[in-house]
Structures are given as structure tokens and as C-alpha cells.
Amino acid sequence: MSHSPGDTPCTARQPAGGVPTTLRVNGASHALTLDPRATLLDTLRETLHLTGTKKGCDHGQCGACTVHVDGRRVNACLVLAVTAGDRDIATIEGLGSVQSLHPLQAAFVEHDGYQCGYCTAGQIMSAAALLHEPCGDSDDEVRELMSGNICRCGAYANIVAAIQDVRGKR
Amino acid sequence: MHSFQYTRAADIEEALRLAAPPSEPGRQVRFLAGGTTLVDLMKLDVETPAHVIDINGLGLDQIEVLPDGGARIGALVRNADLARHAHIAAQYPVLSQALLAGASAQLRNMATTSGNLLQRTRCVYFRDRAARCNKRDPGSGCDAIGGHNRNLAVLGASEHCIATNPSDMNVALMALQATVHVQGPDGGRAIALRDFYLLPGDTPQRETVLRPGELITHVGLPPCAPGTRSCYVKLRDRASYEFALASAAVVLRVQDARIVAAGIALGGVGTRPWHCPRAEQVLVGQAPSAAQYQQAARAALQDAVAQSENGFKIELARRCLVHTLSTALPPQ
């Protein structure tokens, strides 16, 4: 955001009572001074400009903001960023690249696992964690463990197909 | 979200010191564990603590298997880790099943044992500051009575509050006779979970017997005697990621083809995780039979009172309990 001369500077990001916090995101460290109210989701998007992680419900119900903290999937909207210092945070930006897609990204393309795409980053980060969690072979077990990710376009059938493809279950 | 002071406590002593009364009157202090309830409610300005004490660094994240086969579960053990723990899954399947029936994979990775115990008993009106709610704003009234109450309590409600305790884990812990261990300004104490939750009465803002400044440190589980079977069944409007319309946790010990001990609790129907001593009494000493299970279910729901939209939950809870008993121990 740019400010014209005379604008009141935005102080919300670095308040007087800010908490020094080092966030380690996709392997890069960021020394920040954070308002304790800032969520990890808002900090990723608004402060670090990593906008791949999306805000849906902002209450832990939709899964669009799913990221990994120390390798585990969590809802970034319910994490206060000051509590995430010195932990390994992974977002969709760190999962693959245009030149080298993560297998799940390639599978979502192959199986058309989205329509509008808004939930996709959360779906893929959630699925990337699922690959390392106890999960049975069946589609139903994948659906159960992906129930924290809502797709308003209803691409569920193709999302499950993409995940099962990567798991070698179809 | 209201402004608050944030402090990360290094150890239990520091957490207790920071939370100790007396502070300024009305100055609310909250311990922050997984944040899945607290941060959500802070965003809604329903919770407005002046001071948030982060307890994630206290090291209370271990599950200890005791020499007698019981377990000591640290307050900060995540729900996902508790559900998947080998000893818990083998000895207390009712607890693993209940945990895995709750919330989503993401939330189970965040939510903690003590946070789940203390998640608010709540309804949509509690979350909506435009509505009247005696729990959020004592004395203001209850918009749930006569309002949208399809999913609210049929057991333990008062004229002041009919909100349901939404936990699955707490229902299993109730059936398992868990004990809550706390530390506070006056030292430590152990509270039977069955004595831990309060009925709403005319003070629905008070949900537990915890005193100001007390911190849950761990939860104790008694050993499961040989011949114990347990099971959790949850009925809901959709197959996953939804609160219970009715759920049941059952722990039965069988000896010589008779039930010699029973732990029974219901979820989704009570203003607290609902212990059912009368249903237990019906079963103890009896051979497992369909008729006994029906009688136990009638006893469990004997005092149920329907609101305008939730009468169906009374029969649903009865059938849920019969099904859960039959799954844990098929009737002869």
C-alpha cells in the first residue's frame, strides 16, 4: 500500500506494544514486531505478502487458510502469529514451483480438482499433510480427513481423485 | 478484536503468578493453549481478555503410561496426538473414537486436552453479540429459548440457558471417570470430572468449578480392568466435521457374562457432558440384553425436557445409547 504525503501512517502493523517475533516461513526468517492480535493468516498475507494462503471464514471452519506448522496442518486464522515464533511454517508458496510442481499440484491440474480455485491452496496444503498421517486406503477415509476443507464449487469428487492418485490408491 | 497484553509463560510457576488474583476488578486473564475456541471468540468480541498468557511452553505435552496401566495426560497434549497414542487407542478406544469424531484434522492438530475440557458451552446466540445471552451478558435474557434451538440441550437446561456442551472428548472422559488435576494460587487439587462441570442454573456464565487463577496441568485416567469394552457413537446432520445431535460414550466391564461395572455419558444433549448414573445402575449386575439396554436408555433420558425445536433429540439420544451399548457389548 502506498501513502501520499500527509497520510497518517498505518501503525496497526507495528504498534507501540508490539511483540518481537521471528517467523520462519518456507525456510526464510523474518524478524517482525507484531500486534499480539495479528493472526498468522493476516501476517502471512498482509505483512509478508504471501497471498497464496486464503482467508475464507476466518473462524477455522472452511480450511482455506490451511498451512503447516512444524509439519502439521493447522488453520492459520486461529493462530496468533506471536505464538508461531521459531517454528517452521510452510505455505503453498513453499510447496512447489511453476517449473517443478508438487505431485499434489500436478494431480489437482490433471484431475481438475477446483473450479474457482479459492479453496485450492488450503486443499493442497491439507492434503500434503494427510500424505504423512494415518489414513486408510478408501475414498471415504480421505473424505473424512479432508472434511476441514470446504469447496463451495463442489469439486470434491475430483479433489479426492487427485489425492488418491498421489497416494497410489487408484 | 480488543487489545490485550500477551505474555508467554516459561513454566507453571510463572503462569500461575501472572494469572493470580487479585488483579484489577473485571480484568480478565485467559490462558492460551491451542486457541481454537479462545481466538475464535476473541474475534467475535465475545471473549475480551485484558491479558492472554500463552501456556504452550510449559512442557505439559506428554502422555505418561502409569505402572498400573492408567494414564496421565498432559494439559497441552494435542487432540490428534492423544487419539493416535498407542496405549490410549488400545486401552481406551472410546476416547480415541470420540477425539477423532470431533472437529477437523486441522483443529485436532491444534486443540489441546485442557482446552477441550474448557471449550465454552455455547450456542449461536452466545456467539452473536446482537442477541440476548445470559451466558455472555448475565441478566440480559436468552434468545435461544423459543428461538433456533434444534441443536440445543434437553438435559440440564434452565430458564436462563439451554446451550449444549459441544465436546466429544469430554463425554468419553466422563464415562472413563477421568480426574482433572489443577494448580492454583492455593496449591494443587484433583477434581473428579463428574464434579467438574456446573449446571447453568441462574449463573450460566460459570461453567466449571475452577477458581480464578487455576491452571489444568493434566488429566488422569484410571486403568482399564480386564474385560472392559468401550465405544463412542456420534449422530449428526452430516457425516463429518459437525457437532453431535446426540452421542454416547460407553465403558462396560464384563465378568462371567454379567456387566460388573458401567460408565455411561451422553453428548450433544446436555448443558454439560452428561453423566448417566441411573443408566449405569440399571446395567450393573445384569446380563447384557436388548431389554436392559432399552431400560438403561429410558433411565438416561428420564429427566429430558424438549425446547420448541429439539424434541426429536430425546428419542434420538435413547436410540444412540442403545446402539452404542449394543456395539460395545452385543446383547445376548
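This is a predicted model: local features need pLDDT of at least 70, side-chain atom pairs count only at pLDDT 80 or more; totals for chains, interfaces and linings use all residues.
Biologist: What is the crossing of α11(B) and α12(B), left-handed or right-handed?

Modeller: The crossing of α11(B) and α12(B) is right-handed. Residues are numbered from 1 along each chain as its sequence is written, and chains are lettered from A and ligands numbered from 1 in the order in which they are written.

Biologist: What makes α11(B) oblique to α12(B)?

Modeller: Helix α11 (residues 290–300) and helix α12 (residues 312–328) of chain B have axes that come within 9 Å and cross at roughly 140°. That angle makes α11(B) oblique to α12(B), because under 35 degrees is roughly parallel, over 145 roughly antiparallel, 65 to 115 roughly perpendicular, and the rest oblique.

Biologist: Which residues make the contact of these two helices?

Modeller: From α11(B) come B:Tyr293, B:Gln294, B:Ala296, B:Ala297, B:Arg298 and B:Ala300, and from α12(B) come B:Arg318, B:Leu321, B:Val322, B:Leu325 and B:Ser326. Being in contact takes C-beta atoms, placed from the backbone, that lie within 7 Å. By class, the contact of α11(B) with α12(B) divides into 7 nonpolar, 2 polar and 2 charged residues. Here Ala, Val, Leu, Ile, Met, Phe, Trp, Tyr, Cys and Pro are nonpolar, Asp, Glu, Lys and Arg charged, and the others, Gly among them, polar.

Biologist: Turning to chain A, how do α2(A) and α3(A) cross?

Modeller: The axes of α2 (residues 103–111) and α3 (residues 120–130) of chain A come within 10 Å and cross at roughly 130°. That makes α2(A) oblique to α3(A), and the crossing is right-handed. On one side are A:Leu104, A:Gln105 and A:Phe108 of α2(A); they meet A:Thr120, A:Ile124, A:Ala127 and A:Ala128 of α3(A). This contact of α2(A) with α3(A) has 5 nonpolar, 2 polar and no charged residues.

Biologist: Why is A:Asn26 called partly exposed?

Modeller: A:Asn26 has 16 C-beta neighbours inside 10 Å, so A:Asn26 counts as partly exposed. Buried needs 20 or more other C-beta atoms within 10 Å, exposed has 12 or fewer, and partly exposed is in between. A:Asn26 sits in the loop between β1 (19–25) and β2 (28–34) of chain A. Its phi is near 50°, a positive value in a residue other than glycine.

Biologist: And why is A:Asp58 partly exposed?

Modeller: A:Asp58 counts as partly exposed because it has 17 C-beta neighbours inside 10 Å. A:Asp58 also has a positive phi, near 65°, and is not a glycine. Its loop runs between α1 (40–47) and β3 (66–69) of chain A.

Biologist: How many residues are in contact between chain A and chain B?

Modeller: 23 residues of chain A are in contact with 20 residues of chain B. On chain A's side, β4 (72–75) and α4 (139–145) are the elements that give two or more residues. The largest share, 4 residues, comes from β4(A).

Conventions:
Axes are lines fitted to C-alpha atoms, for helices over the stretch in contact, and angles run from 0 to 180 degrees between N-to-C directions. A crossing is left-handed if the near helix is turned anticlockwise from the far one by less than a right angle, and right-handed if clockwise.
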